Amino acid sequence: MLTHQPPIIAYESGRCTRCGTCLASCPVDALSLTEGRDVFDITVDHDACIGCLKCVRVCPAAALPERPLREIDFTNMRRALLACASDVTERHKASSGGVARTLARAALASKWVDAVYCAVQRNDEPFAEGAFLTSIDEIDRISNSVYCAFPFNRNLRLKHGGQRLKRVLYIGTNCQIQGAENFFLDSGVEFIKVAIICKQQKTRGYVRWARRMLKQSADDTTPIRYRGYGWPGRLTSGTATYQNYFRPFSMELWRVPGCRFCPHAIGDGSDVLLADPWNLISTTEGNAGLTMTMLRTERALALWNIAAPYLTEDRELTAADVQKSIDWKRYQKKQARISYFLGREASRARRLFYGFIENQRYFYGWLFGTFPVPEIIEKILNRTLKK
Ligand SMILES: Cc1cc2nc3c(=O)[nH]c(=O)nc-3n(C[C@H](O)[C@H](O)[C@H](O)COP(=O)(O)OP(=O)(O)OC[C@H]3O[C@@H](n4cnc5c(N)ncnc54)[C@H](O)[C@@H]3O)c2cc1C
């Protein structure tokens, strides 16, 4: 998180969501990335800084700790449904059902937007970056879910290819959307938001664990792909494959520190919300996957109509289906406690209790990423973390 503490811009690593918006906002390149063992940090060059405060204004984390966890009215959606790309090959490349990439394709093919801003694959660490796409020939660059944090918004601009952007389809997670909203504020760029539901992004501790599961050494640099090959997919790297990659994933091990302050997993005020179909379809069939899709605004319905020729609708969902799939009540309760505790407003007893849980998490994260922990121990430790 970046704040103005006169006369300098101060950086607080523990509250940074790693969205990278500050890097795009600085007119004099006074901000840079410093690679740490687990997450990158932002370094401010105080000599180069001209004190314009653009980075502070775009930083979404500045607003997060004060914001309580939002109650979401899931009955308020225009439509909620399970859907997928009609093209089965696309579904197999995707994280869930390939709806995100299909919306991008349709929006570009129909020239509904000038550009799509989304995560694309790279072959070097951290294997993804944010990029503007302007042609359907570029759709194959779109990555499926990248769980390890990277400075997604770093490449945001108001112009692309020398042209001022007018209308952009932006696909990203909650913190990224909030950073981009601040970036585009008063710019005249119309900004259509597709939120990827995200309960947390991961540190490199997760990557070290993944390399171990893939039987690769910790310093291997072969690109990692976290999803793909059907639902719920596989973790792959080169020819190495691991199927149960999500096993310790939901346990909040290796969570990026700033994720503790996220007011909710769902992009604030987004037009479309996309999520995995957990608890709605089986994880054992090895099928081609479906995306839980929520259309919240008129613009979302318009985009859906444009994309209809490329999409297959499976079934409509109720608000209860959506809550069940996200496991919303449990997530909300847990996140409220943790962010409240870390927001330093909790009682002493609560702070001690959650301080203990958090330290336990760091310890388990380190243990899983460092040593080959037998499966039975892994199960027991995971169960204690579920609390
Ligand atoms: C960090 C993270 C955590 C997630 N956590 C959950 C969860 O807890 N529960 C749940 O139901 N779903 C979660 N998801 C969403 C889920 O994995 C799928 O992304 C979603 O269902 C869309 O699937 P799709 O097949 O339609 O997308 P695809 O067509 O495969 O497209 C994927 C889209 O996601 C974008 N993308 C991938 N990684 C990132 C990233 N790190 N930052 C920004 N954009 C990215 C790509 O650019 C692309 O536009 C998470 C996704 C991410 C990236």
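**Entry 1. Ground rules.** I number residues from 1 along each chain, as its sequence is written. The model is predicted, so I take local features only at pLDDT of at least 70 and side-chain atom pairs only at pLDDT 80 or more, while totals for chains, interfaces and linings use all residues.

**Entry 2. Domains.** I looked up the domain assignment of the protein chain and found domain 1 (2–62), domain 2 (74–328) and domain 3 (330–386). Such bounds come from an automatic or database domain assignment. For domain 1 and domain 2, I read a separation of 25 Å between the C-alpha centres.

I then checked contacts, where two residues count if their C-beta atoms, placed from the backbone, lie within 7 Å. On this count 20 residues of domain 1 are in contact with 23 residues of domain 2. Two elements give two or more residues to the side of domain 1 that touches domain 2, namely α1 (21–25) and α2 (54–58). Helices here are DSSP runs of H or I with at least four residues, strands are runs of E with at least two, and both are numbered from the N terminus. The largest share of that side, four residues, comes from α1. By class I noted nine nonpolar, six polar and five charged residues on the side of domain 1 that touches domain 2. The classes are Ala, Val, Leu, Ile, Met, Phe, Trp, Tyr, Cys and Pro as nonpolar, Asp, Glu, Lys and Arg as charged, and the others, Gly among them, as polar.

**Entry 3. Ligand shell.** Which residues are the closest to the ligand? I found Ala94, Ala100, Ala119, Ala275 and Asp276, out of 31 residues that surround the ligand. A residue is near a molecule if its C-beta atom, placed from the backbone, lies within 6 Å of it. The elements giving two or more residues to this shell are α4 (99–109), β6 (115–121), β10 (167–172) and β15 (272–275). Helix α4 supplies the largest share, three residues. I sorted the shell by class and got 16 nonpolar, twelve polar and three charged residues.

**Entry 4. Strand β11.** I looked at β11 (residues 190–196) and found five of its seven residues buried. Buried means 20 or more other C-beta atoms within 10 Å of the residue's own, exposed means 12 or fewer, and partly exposed is in between, with C-beta atoms placed from the backbone.

Strands pair when DSSP finds at least two bridges between them. β10 and β11 run parallel and are joined by six bridges; in one of these, Gly172 has Ala195 of β11 as its bridge partner. β11 also pairs with β15 in the parallel sense, over three bridges, and Ile196 stands opposite Leu274 in β15. With helix α5 (residues 174–184) between them in the listing, β10 and β11 make a right-handed β-α-β unit. Right-handed means that, with the strands pointing away from the viewer, the path from the first strand over the helix to the second runs clockwise.

**Entry 5. The β12-β13-β14 sheet.** I traced an open antiparallel sheet of three strands in the order β12-β13-β14. β12 (224–225) and β14 (240–242) stand at the edges with a single partner strand each, so one side of each has no neighbour in the sheet. Three bridges join β13 (residues 235–237) to β14, and Ser237 has Ala240 of β14 as its bridge partner.

**Entry 6. Backbone.** I noted a cis peptide bond between Pro6 and Pro7, with omega about 10°. Pro7 is in the loop between β1 (2–5) and β2 (8–11). A cis peptide bond also joins Trp231 and Pro232, with omega about -5°, and Pro232 is in the loop between β12 and β13.

Lys111, in the loop between α4 and β6, has a positive phi near 55°. Phe127, in the loop between β6 and β7 (128–133), has a positive phi of about 70° and is not a glycine. Is each of these residues buried or exposed? Lys111 is exposed because it has 8 C-beta neighbours inside 10 Å. Phe127 is buried because it has 21.

**Entry 7. Val207.** I placed Val207 in helix α6 (residues 204–213). Val207 is buried, with 23 other C-beta atoms within 10 Å. Leaving aside neighbours within four places in sequence, Val207 is in contact with Cys148 and Ile224. Val207 and Glu181 are 26 residues apart along the chain, and I read 30 Å between their C-alpha atoms.
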